[in-house]
Amino acid sequence: MGWLSKIFKGSSHSITEGHSHRNYGEDPHCYAPSTSGDLRLEQENEDIDRAIALSLLEENQKGENVIDKESQVQEDEQLARAIQESLNLESPPRQGTAHTYQHFPVIQFPEGYRICAGCNNEIGHGRFLNCLDVFWHPECFCCHACHQPITDIEFSTSENRPYHKSCYREHYHPKCDVCKHFIPSNHGGLIEYRAHPFWVQKYCPSHEHDGTPRCCSCERMEPQDTAYVALDDGRKLCLECLDSAIMDTNECQPLYLDIQEFYESIHMKLEQQIPLLLVERQALNEARDGEKNGYYHMPETRGLCLSEEQTVTTILRRPRFGSGNQAMNIITEPYKLTRRCDVTAILILYGLPRLLTGTILAHEMMHGWMRLQGFRTLSPDVEEGICQVIAHWWLISQLKSNKKVTSTSSSSAAGTSKKGTGPKFDKKLGEFFKHQIETDASPVYGDGFRAGQHAVQKYGLGRTLDHIRMTGRFPY
């Protein structure tokens with residue numbers, strides 16, 4: 001039998017066979033006496049009985065082993081149920097970009113059952129984290145900014161990447177470009193700030209009311225420790241804009257000649273010389289009030305084309321800048337305007353950069369040209385619109401020019417100006433003035449410019465002006 005052979009092989013006992021003693025007598029087939037054969041048979045029977053007893057003992061032990069294995073299977077099933085219950089645990093709730101995590105108990109998972117999202121290795125024996133719908137070794141769950149492990153209870157995310165809350169604030173919470181502090185949240189818990197549409201400058205809303213100076217030219221609010229020049233009419237001028245600012249009537253004459261040449265290049269030569277004067281804000285406002293007709297850009301007028309006889313105060317010599325960058329020793333004189341034609345003078349606000357002064361001057365010269373050409377009284381959007389078109393043309397010609405813009409600031413101003421300014425900033429400043437014209441939201445200056453620009457692009461400047469002269473409207 002099969003089990004018998006196994007018993008034999010596995011038994012520690014050996015079954016020995018009896019041996020015959022050969023008789024070297026005459027008969028080679030003669031054996032020992034028969035009694036010796038009976039003894040061998042009896043010994044063999046005893047060995048068989050002993051083997052059967054051993055086999056029965058092993059069978060009994062084998063049955064006990066089967067029972068032990070069934071008990072082990074039951075324990076494994078209980079462990080599997082515990083693991084399944086742990087998998088059904090939900091992650092903690094999230095609020096905004098803030099998250100929480102918890103350590104899971106020490107569990108030995110089957111091979112390949114948990115893979116760390118940080119190192120891509122198997123999570124074996126030990127603690128692990130369940131964050132962002134994946135699993136991590138605690139030391140692999142690191143901040144995307146500083147690359148250090150996140151051990152705090154809460155953390156923040158951006159694009160499904162974890163951050164320390166402090167690192168997230170440093171990288172994503174906007175800072176004020178004026179005070180350099182984090183922009184505070186409003187009463188609703190939202191971050192509210194003001195932003196300049198061109199300079200991409202962010203600042204706290206409070207700076208619009210706390211006396212923070214704003215440049216009257218480029219409209220920027222610079223950091224609180226930045227120096228400004230205070231003009232005597234209350235305006236503030238940043239040092240970059242000061243570099244090319246035109247401060248008196250004599251300084252403006254070369255620019256006036258350049259714009260007259262521009263008008264000649266587009267076949268619109270002014271047949272009469274119109275006086276040009278640079279004035280302070282108060283003098284400009286008084287002259288505006290003395291005009292019977294005209295439409296003025298609010299909130300501040302920076303140029304006028306006058307038709308009435310009156311006396312205005314012009315700036316004869318540029319001011320010096322004393323302590324605290326305060327303008328001082330400005331020299332003015334009265335100038336009586338006499339009416340020799342339909343235009344008595346062009347007034348420009350002093351202290352503005354060359355490109356802004358030239359843009360305003362080109363606009364006002366167009367008013368003068370149309371009056372000298374006998375144009376009828378036009379609606380504000382048509383007259384101001386076509387003047388803005390010409391000013392826009394001149395500005396673009398300057399931006400495309402390869403000539404360097406030379407600074408007209410005096411030595412006293414140059415001592416306070418920032419280094420690194422000049423043609424590069426002047427071009428950026430010119431782009432800003434161009435952006436102002438193109439994005440003006442007012443129905444007169446903004447919509448008028450866009451209607452005039454469309455007409456000129458479609459029909460040309462000459463045909464557009466002829467149509468305005470005959471009909472008082474833009475051609476469509």
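A crossing of two helices is left-handed if the near helix is turned anticlockwise from the far one by less than a right angle, and right-handed if clockwise; by this convention helix H7 passes helix H10 in a right-handed crossing. The structure is a predicted model, in which local features need pLDDT of at least 70 and side-chain atom pairs count only at pLDDT 80 or more, while totals for chains, interfaces and linings use all residues. Residues are numbered from 1 along each chain as its sequence is written, and side-chain values use heavy atoms, with hydrogens and water left out.

**Overall content**

- The protein has 12 helices and 18 strands, where helices (H or I, at least four residues) and strands (E, at least two) are DSSP runs numbered from the N terminus.
- Of its 476 residues, 41% count as buried, a term that means under 20% relative accessible area, with exposed set at over 50% and partly exposed in between (1.4 Å probe, protein chains only).
- Among contacts (heavy atoms within 4.5 Å) between residues at least 6 apart in sequence, 58% join residues at least 24 apart.

**Helices H7 and H10**

- H7 (residues 354-372) and H10 (residues 423-439) pack at an angle of about 35°, with their axes 9 Å apart; axes are lines fitted to C-alpha atoms, for helices over the stretch in contact, and angles run from 0 to 180 degrees between N-to-C directions.
- The contact brings Leu355, Leu356 and Thr359 of H7 against Asp426, Gly430, Phe433 and Ile437 of H10, and its residues divide into 4 nonpolar, 2 polar and 1 charged, where Ala, Val, Leu, Ile, Met, Phe, Trp, Tyr, Cys and Pro count as nonpolar, Asp, Glu, Lys and Arg as charged, and the others, Gly among them, as polar.
- H7 has 19 residues and spans 26 Å from its first C-alpha to its last, close to the 27 Å expected at 1.5 Å a residue, the expected span being 1.5 Å times one less than the number of residues.
- H7 is mostly covered, with 17 of its 19 residues buried, and just after this helix Gly374 takes a positive phi of about 80°.

**The three-stranded sheet**

- An open sheet of 3 strands has the order S11-S17-S12 with mixed pairing, two strands being paired if DSSP finds at least two bridges between them.
- S11 and S12 (303-306) stand at the edges with a single partner strand each, so one side of each is left without a neighbour in the sheet; the twist averages 20° from one strand to the next.
- S11 pairs with S17 (residues 345-349) in the parallel sense over 4 bridges; in S17, Leu347 is the bridge partner of Leu277, and Ile348 stands opposite Leu278.
- Along S11 (residues 276-279), Leu276 and Leu278 point one way and Leu277 and Val279 the other way, and all are buried.
- Helix H6 (residues 281-290) lies across S11, S12 and S17, running at about 40° to S12.

**Two individual residues**

- Tyr203, in strand S7 (residues 202-203), counts as buried at 5% relative accessibility and, leaving aside residues up to four places away in sequence, touches Cys176, Asp177, Val178, Ile183, Tyr193, Arg194, Glu208, Arg214 and Met221.
- Tyr203 and Cys179 are 24 residues apart in sequence and 7.9 Å apart in space, C-alpha to C-alpha.
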